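Please look over the sequence and the model, and then read on.

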Amino acid sequence: MNNKLVRFGVSLEGELLRRFDAFIGAEGYDNRSQAIAGLIRKEFVSDSFAHGGPVAGAVTLVYDHHKREVVNKLMDIQHDHGGIIISSQHVHLDHDNCLEIVAVKGPGAKVKALADALKSVKGVKHATLSVTCSGK
Ligand code: NI
C-alpha cells in the first residue's frame, strides 16, 4: 500500500467516542484521523521496542560529576555502545550537577541495554529513556 490517505469507517460505543474526543481535545490533536494515526504509531513504537525492532530515542541522565568515577564510567559505557549512539550533549546544570542527553538509534534490545547500563552507574541521580520511531 502506498502513502495515499485511505478512508475507512470506525464503529465505537458512544461513551468511548465521547471520551476519545475529550482526550484528543486535551492532547491538542486537530481531528480524530490525526489522533488515531498518532495512537497507532505509538503502539507500533511500543511493539517494536518490546520485540527488539528498530527504534530511535534519547537517554537523559542527571548526575553529580564530583562523585568518584561517575564520569569515566558513563564514558566507558558509551564507548562500548558506540554503534547505536548518534550523538550526546552535555550540559552543566549547576556547580555539582550535569545533564547528559544521549541520542540513540538501533534495535530496541540494544537501546534498552545501554539505558540500563547508564542508569545503574553509582552517582546517577535520575535517568529516563524516551523511545520513538526510527523514522520508518
Ligand atoms: Ni557538567
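In what follows, a residue is called buried when its relative accessible area is under 20%, exposed when that area is over 50%, and partly exposed in between, with a 1.4 Å probe and the protein chains only. By that rule Glu-69 is partly exposed, with a relative accessible area of 42%. The model is predicted, so local features need pLDDT of at least 70 and side-chain atom pairs count only at pLDDT 80 or more, while totals for chains, interfaces and linings use all residues. Residues are numbered from 1 along each chain as its sequence is written, and side-chain values use heavy atoms, with hydrogens and water left out.

**Domains and a backbone feature**

The domain assignment, in which bounds come from an automatic or database domain assignment, gives domain 1 (14-50) and domain 2 (54-133). The C-alpha centres of domain 1 and domain 2 lie 30 Å apart. Helices and strands are named here from DSSP runs, numbered from the N terminus, with helices being H or I runs of at least four residues and strands being E runs of at least two. Glu-69, already mentioned, sits in the loop between strand S1 (54-64) and H3. Its phi angle is near 70 degrees, a positive value in a residue other than glycine. Most residues other than glycine have a negative phi.

**The largest pocket**

Rolling a probe the size of a water molecule over the atoms shows where empty space is left. On a 1 Å grid over the protein atoms alone, a cavity is a set of points where a 1.4 Å probe fits but cannot get out, whereas a pocket is an open set with protein on both sides within 12 Å along at least five of seven lines, and lining residues have an atom within 4 Å of a point. Grid points are joined across faces, edges and corners, and a volume is the space filled by probe spheres set on the points. The largest pocket has a volume of about 1,100 Å³. Its lining is made of 26 residues, and Phe-8, Ser-33, Ile-36, Ala-37 and Ile-40 lie nearest the centre. Helix H1 (14-27) and helix H2 (32-50) are the elements that give two or more residues to this lining, and the largest share, nine residues, comes from H2. When Ala, Val, Leu, Ile, Met, Phe, Trp, Tyr, Cys and Pro count as nonpolar, Asp, Glu, Lys and Arg as charged, and the others, Gly among them, as polar, the lining residues divide into 15 nonpolar, six polar and five charged.

**Salt bridges**

A salt bridge is taken to be a side-chain nitrogen of Lys or Arg within 4 Å of a carboxyl oxygen of Asp or Glu, and by this rule the count comes to four. The table lists pairs among them.

| Pair | Closest N and O atoms |
|---|---|
| Arg-18 and Glu-15 | 2.9 Å |
| Asp-116 and Lys-112 | 2.7 Å |

Arg-18 and Glu-15 both lie in helix H1, three residues apart, about one turn of the helix. Arg-18 is partly exposed at 48% relative accessibility, and Glu-15 is partly exposed at 43%. The pair of Arg-32 in helix H2 and Asp-21 in helix H1, by contrast, links distant parts of the chain, 11 residues apart. Arg-32 has a relative accessible area of 40% and Asp-21 one of 27%. Asp-116 and Lys-112 are four residues apart in helix H4 (residues 108-119), and so they are separated by about one helical turn. Lys-112, Asp-116 and Lys-119 are linked in a network of salt bridges.

**Individual residues and their contacts**

Contact means heavy atoms within 4.5 Å. Is Gln-78 buried or exposed? Gln-78, found in helix H3 (residues 70-80), counts as buried, at 8% relative accessibility. Not counting residues up to four places away in sequence, Gln-78 touches Ile-85, Ser-88, Glu-100, Val-102 and Leu-118.

Ile-85 has its place in strand S2 (residues 85-92). Leaving out residues up to four places away in sequence, Ile-85 touches Gln-78, Val-102, Ala-103, Val-104 and Leu-114. The C-alpha atoms of Ile-85 and Ala-56, 29 residues apart along the chain, are separated by 9.7 Å.

His-126, placed in strand S4 (residues 124-133), is exposed, with a relative accessible area of 51%. Leaving aside neighbours within four places in sequence, His-126 is in contact with Thr-60, Leu-61 and Val-62.
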